[in-house]
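This briefing covers strand pairing and helix packing in the structure shown below. The topics are treated in turn.

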Amino acid sequence: MAKSQLDVKNSAEPVSGSLALDAPAPREPGVPDIDPESPERFVNRELSWLAFNRRVLEEAGNTHHPLLERLRFLSISASNLDEFYMVRVAGLKGMVTAGIATLSDDGLTPAQQIAGVDKEAGALIADQQLAWTSLRRGLREAGVLVLEPDELTEADMLWLDKDFRQSIYPVLTPLALDPAHPFPFIPNLGFTLALQLQRKKDGKAVTALLPVPALLQRFVRLPGEARGPVRFIALERVIEIFLHLLFPGYKLMGSGQFRIIRDSDVEVEEEAEDLVRLFETLLKRRRRGSVIHMFCSESMPLDLRNFIASQLALKAPDIVIVEQVGLSDTRQLIVDERPDLQFKPYIARFPERIRDHGGDCFAAIRAKDILVHHPFESFDVVVQF
């Protein structure tokens with residue numbers, strides 16, 4: 001007599017084509033066999049973030065994008081990296097300083113994470129510099145020029161002399177460094193010129209700093225014809241041209257630029273009595289956190305760089321030598337009068353059905369549900385709702 005369906009279901013013999021509950025799931029070809037309890041299941045958060053920022057930088061190399069949009073991606077990548085050091089790397093360094101050796105989910109100590117970050121970030125920074133060199137060349141061909149001093153005309157020099165005396169010179173504060181003048185405080189993301197000078201009358205060597213206020217534009221735009229090329233010159237080049245006005249009687253022997261990043265990681269006490277006052281205090285402390293990183297121009301003499309590093313208590317891994325300091329400032333080169341080098345602006349539409357109801361969102365919804373597609377339809381409809 002044939003077994004009933006119930007007998008088949010209750011039989012200890014496996015039914016053909018079924019899958020036993022305790023059998024391992026089939027694995028895709030090439031997928032490694034990882035123990036469910038192993039930390040290898042996880043991707044490190046900091047290294048993953050750096051991989052994301054590399055994808056941002058890759059957009060700067062995408063030749064299908066307009067040139068100024070590629071420059072914008074480079075600026076975003078550099079700005080992202082600054083924030084990453086200010087918060088995430090600062091947090092890791094704080095853990096190392098405090099002797100905390102707690103493993104991350106992927107099994108790395110804070111010190112091991114910093115080593116991995118230094119390696120990946122170093123490669124990313126090098127690629128950012130290469131991207132800037134390439135973009136600067138492309139922009140020059142397209143009529144957006146970043147000039148060097150030897151490319152300036154006599155008319156340019158006359159205009160710069162007037163602009164420097166009126167707009168730049170009054171806000172600069174030269175600082176000599178000697179036993180009577182200790183190393184000054186440099187704010188977070190502060191851009192500074194370091195100078196080696198020699199007094200002409202007796203040959204005495206002097207080291208000086210020239211902090212550049214954030215209110216000054218990093219790139220000075222030069223006047224030109226309405227339909228001619230758009231021309232800029234870096235602020236540090238302008239200052240070097242007129243350095244004799246800041247240090248009369250001195251000869252420039254060596255110079256360079258540096259930019260520091262301070263620990264800006266803040267911890268908020270959720271039960272604080274006055275959150276407004278707490279945030280005011282935290283934001284002020286953000287400017288004065290310990291220095292954790294420095295970008296230094298390759299033009300700076302080695303002894304000058306070592307002197308600055310010693311004053312800021314920085315070690316070799318915390319100092320990065322680059323050709324162009326402060327790539328986040330390159331966004332200032334994105335000019336409105338060159339729309340041909342930017343993405344075509346997209347104007348989102350406003351849902352017609354709401355217009356049909358005199359702009360009354362609720363009347364339109366009462367008639368029929370609305371699905372709004374962003375960014376193709378304007379977000380203003382949500383604000384009005």
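In this predicted model, strand S8 (residues 291-297) runs parallel to S9, and 4 bridges join the two. Across this pairing, Phe-295 stands opposite Val-320 in S9. Both strands belong to an open sheet of 6 strands with mixed pairing.

**Sheet arrangement**
- The strand order of the sheet is S2-S4-S3-S7-S8-S9.
- Strand S2 (175-177) and strand S9 (319-322) each have a single partner strand and stand at the edges, so one side of each is left without a neighbour in the sheet.
- From one strand to the next, the twist averages 30°.

**Helix against the sheet**
- Helix H3 (residues 67-97) lies across strand S7 (250-262) and S8.
- The direction of H3 is at about 140° to S8.

**Packing of H2 and H4**
- Two packed helices are described by the angle between their axes and the distance between the axes.
- For helix H2 (residues 45-60) and helix H4 (residues 110-142), the axes come within 10 Å and cross at roughly 5°.
- Angles under 35 degrees count as roughly parallel, and H2 is therefore roughly parallel to H4.
- On the H2 side, the contact is made by Glu-46, Leu-47, Leu-50, Asn-53, Arg-54, Leu-57 and Ala-60.
- On the H4 side, the contributing residues include Gln-113, Gly-116, Val-117, Glu-120, Leu-124, Asp-127 and Leu-135.
- The residues of this contact between H2 and H4 divide into 10 nonpolar, 4 polar and 4 charged.

Key
Residues numbered from 1 in each chain as written. Predicted model: local features only at pLDDT ≥ 70, side-chain atom pairs only at ≥ 80, totals over all residues. Heavy atoms only, no water. Pairing = 2+ DSSP bridges. Axes fitted to C-alpha atoms, helices over the stretch in contact; angles between N-to-C directions. Contact = heavy atoms within 4.5 Å. Parallel < 35°, antiparallel > 145°, perpendicular 65-115°, else oblique. Nonpolar A, V, L, I, M, F, W, Y, C, P; charged D, E, K, R; others polar.
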